[in-house]
Amino acid sequence: MKTKIAVANGDGIGPEIMAAVLKIFEACDVQLDYEFVEMGKSYFDAGHSTGMTEKAKETIENLGILFKGPMETPKGKGVKSINVTARKVWNTYANQRDFRSLNGVNTVFSNAGMQINLTIIRENIEDTYGGIEHMLTNDVAVGRRIITRPGSAQVIRYAFEMARRKGLKKLACGHKANIMKLTDGIFLETFYQIAKDYPEIQASDIIVDDLCMKLVAHPEMFQAIVLTNLQGDIVSDLCAGLVGGLGFAPSANIGDNISIFEAVHGTAPDIAGKGIANPTALLLSGISMLRYMGLTNNAASIENALLYTLEQGVHTGDFGNRNTPSVNTEGFANAIIANL
Ligand code: NAD
């Protein structure tokens with residue numbers, strides 16, 4: 001029997017890359033049914049303050065998995081990002097991003113032959129992302145940073161469980177507890193408390209600025225890193241750069257009841273509607289969703305076909321060998337399908 005998941009096409013390039021990914025799923029006979037939900041910028045414009053209809057919210061809550069294209073948040077005061085809202089409403093407390101070098105995708109490390117394979121787990125709910133800010137005077141703005149012990153514990157435990165599941169040998173905690181002694185202090189303290197339950201995993205910590213330098217100079221030092229929200233946001237984009245850019249960065253927002261799988265990049269308004277976007281990041285997110293749902297054979301088949309396609313030098317306009325012609329979004333999907 002097919003399992004049903006909620007799908008939101010998203011805005012900008014969202015519908016184009018989602019169509020490409022679902023076409024690949026269909027060609028691989030993935031046993032999923034899709035319920036498309038009403039969510040995105042046009043629903044803000046239609047007066048839904050959360051950017052989704054009540055029916056969409058209900059569907060996602062019933063099905064538990066949302067596969068989502070990027071969504072635009074209208075600019076201006078009073079409107080919260082739909083992506084941040086969704087993560088909060090459904091308490092998807094852990095943001096997992098897996099980064100690996102892909103043959104056929106040039107990076108600053110390509111010539112050095114360095115292979116990157118690392119996972120960033122970012123706390124997804126707390127920190128400065130509450131947007132609790134006010135003006136103290138005309139010239140002084142104040143923001144609050146909230147880090148709680150239970151909030152830290154749930155994401156750190158998820159990170160250790162993930163490391164155990166993947167058979168990783170080490171997990172690092174990135175932080176700035178030398179300066180933010182209370183907030184980052186709680187996070188770091190909780191990390192070492194939970195580490196005691198996972199004696200087979202070597203736990204270590206590193207100050208976030210030093211981490212950034214080491215990630216660029218010696219990324220092979222790390223297997224997995226857990227961080228607070230803002231630091232994790234920045235470090236994960238740094239890691240996206242290590243493997244070739246946002247076009248290759250997948251993401252999973254994991255909660256106990258609802259999980260959201262999406263690409264890290266946004267709606268790419270500059271190329272939307274042209275049919276030329278790179279669907280790889282959404283496809284990689286879809287592959288991790290299939291694994292999460294236990295559809296491991298489908299995940300492996302699609303991943304192998306993607307890797308082979310990249311090795312063949314097939315590429316969209318945003319990456320790859322500039323001397324070979326690029327294919328459009330559909331052409332890229334078709335090349336993967338031919339390699340399944
Ligand atoms: P962006 O990621 O949309 O685009 C940055 C650059 O990368 C652009 O030049 C774009 O063309 C390119 N790019 C991004 N994805 C690509 C792809 N798949 N293939 C080829 N090129 C790609 O970032 P932005 O311009 O800062 O944001 C645009 C909108 O997206 C904003 O409204 C923002 O709020 C939203 N956004 C949504 C999400 C999400 O839904 N998770 C994430 C980030 C940004």
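The secondary structure here comes to 11 helices and 12 strands, where helices (H or I, at least four residues) and strands (E, at least two) are DSSP runs, numbered from the N terminus. Keep in mind that this is a predicted model: local features need pLDDT of at least 70, side-chain atom pairs count only at pLDDT 80 or more, and totals for chains, interfaces and linings use all residues. Residue numbers start from 1 along each chain as its sequence is written.

Now for the overall shape. The C-alpha atoms fill a box of roughly 55 × 50 × 45 Å along the principal axes. The radius of gyration, taken over C-alpha atoms, is 20 Å, which agrees with the value near 20 Å for a compact globule of 340 residues (the globule rule is 2.2 Å times the number of residues to the power 0.38).

Next, find helix α5 (residues 149-166) and helix α6 (residues 183-195). Their axes come within 9 Å and cross at roughly 45°; axes are lines fitted to C-alpha atoms, for helices over the stretch in contact, and angles run from 0 to 180 degrees between N-to-C directions. Arg149, Ser152, Ala153, Ile156, Arg157 and Phe160 of α5 make the contact with Ile186, Phe187, Thr190, Phe191 and Ile194 of α6 (contact means that C-beta atoms, placed from the backbone, lie within 7 Å).

Finally, look at the ligand. There are 21 residues around it, and Pro70, His265, Gly266, Ala268 and Asn278 come nearest; a residue is near if its C-beta atom, placed from the backbone, lies within 6 Å. This shell divides into 10 nonpolar, seven polar and four charged residues (Ala, Val, Leu, Ile, Met, Phe, Trp, Tyr, Cys and Pro count as nonpolar, Asp, Glu, Lys and Arg as charged, and the others, Gly among them, as polar).

Notes:
Contact = placed C-beta atoms within 7 Å.
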